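Thanks for coming, everyone. Please look at the chain on the screen with me for a few minutes.

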Amino acid sequence: MQPSTPSPAGRPRSDVNATVFAATLRSVHELGYAGATMDRIAEAAGVAKTTLYRRWPSKGALIVDCLLDAFGPVPLHGASRDEVMSTAVHWIAGKIGEPGVGAAFAGVFSDAVSDAALRTILATRLQEPYRLALREALDEPDDRVLLFIDVVTGTLLHRMGMTGEPMTDADVAALTDMVVRTFR
């Protein structure tokens, strides 16, 4: 029998991140973006506030990482450019419609308007990987890819902000048709 190696103290990092991300989205969903403070998120996750601040310097940075975790890689599947664009639109619409995700995205986006450091985090950590993937999949220049991202996410977040509800399937289909025609 081999001696067992003692486990390090505390939770494994990935477990803490998963717990914090789930608590963050739950808090945003239940309390709204403004109400989901670092104190409340820490409490909901069952961790010390210092645990959050060791990993994320601000609520905005936490939300960006939480969104990256929630979104994962964009599925760019399809036999044609039209199918790839359609898949991307339906994917982001589905993600924004998940509990807490749309509100977290809209909230951090709003905070970034007056916070240059947060805008940099959003641009480099959240937008850049998706921009690069879409540029490669669609073979479009950066300005067109950014327009695609802006039109789709802007429209979806606007609907969420105006109604508190994600866009209906029929409206997502109409948005997809408009975007695909524009980028054809």
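Start where helix 8 meets helix 9. From helix 8, the residues in this contact are Arg144, Leu147, Phe148, Val151, Val152, Thr155, Leu156 and Arg159. From helix 9, they are Asp171, Val172, Leu175, Val179, Thr182 and Phe183. Sort them by class and you get nine nonpolar, two polar and three charged residues.

Keep in mind that this is a predicted model.

Now the geometry. Two packed helices are described by the angle between their axes and the distance between the axes. Helix 8 covers residues 142-163, and helix 9 covers residues 169-183. Their axes come within 11 Å. The crossing angle is roughly 165 degrees. Angles over 145 degrees count as roughly antiparallel, so helix 8 and helix 9 are roughly antiparallel to each other. The crossing of helix 8 past helix 9 is right-handed.

Step back to the whole chain. How many helices and strands does the chain have? Nine helices and zero strands. Along the sequence, the pattern reads α-α-α-α-α-α-α-α-α. The C-alpha atoms fill a box of roughly 60 × 45 × 30 Å, along the principal axes. There are 184 residues, and 40% of them are buried. Take the contacts between residues at least 6 apart in sequence: 62% of these join residues at least 24 apart.

Here is one distance across the model. Glycine 35 and arginine 181 are 146 residues apart along the chain. Their C-alpha atoms are separated by 40 Å. Glycine 35 itself lies in helix 1, residues 13-35. Is glycine 35 buried or exposed? It is buried, because its relative accessible area is 14%, and the cut-off is under 20%.

Next, helix 6. This helix runs over residues 101-113, which is 13 residues. At 1.5 Å a residue, helix 6 should span 18 Å. Its end C-alpha atoms are 19 Å apart, so the two values agree. Which residues of helix 6 are buried? Val101, Gly102, Ala104, Phe105, Gly107, Val108 and Ala112.

Helix 6 also packs on helix 7, residues 116-138. The angle is about 130 degrees, and the axes are 7 Å apart. That makes helix 6 oblique to helix 7. On the helix 6 side, the contact uses Phe105, Val108, Phe109, Asp111, Ala112 and Val113. On the helix 7 side, it uses Leu118, Arg119, Leu122 and Leu126. By class, this contact has eight nonpolar, no polar and two charged residues. Notice that Phe105, Val108 and Ala112 belong to the contact, and these residues are buried.

One is lysine 95, in helix 5, residues 81-96. Lysine 95 has a relative accessible area of 18%, so it counts as buried. What does lysine 95 touch, leaving aside its neighbours within four places in sequence? Ala70, Phe71 and Val101. Val101 is one of the buried residues of helix 6.

The other is aspartate 139. Find it in the loop between helix 7 and helix 8. Its relative accessibility is 69%, so aspartate 139 counts as exposed. Check the backbone there too. Most residues other than glycine have a negative phi. Phi of aspartate 139 is near 55 degrees, a positive value.

Technical notes. Residues are numbered from 1 along each chain as its sequence is written. This is a predicted model: local features need pLDDT of at least 70, side-chain atom pairs count only at pLDDT 80 or more; totals for chains, interfaces and linings use all residues. Side-chain values use heavy atoms; hydrogens and water are left out. Helices (H or I, at least four residues) and strands (E, at least two) are DSSP runs, numbered from the N terminus. The expected span of a helix is 1.5 Å times one less than its number of residues. Buried means under 20% relative accessible area, exposed over 50%, partly exposed in between (1.4 Å probe, protein chains only). Axes are lines fitted to C-alpha atoms, for helices over the stretch in contact, and angles run from 0 to 180 degrees between N-to-C directions. Angles under 35 degrees count as roughly parallel, over 145 as roughly antiparallel, 65 to 115 as roughly perpendicular and the rest as oblique. A crossing is left-handed if the near helix is turned anticlockwise from the far one by less than a right angle, and right-handed if clockwise. Contact means heavy atoms within 4.5 Å. Ala, Val, Leu, Ile, Met, Phe, Trp, Tyr, Cys and Pro count as nonpolar, Asp, Glu, Lys and Arg as charged, and the others, Gly among them, as polar.
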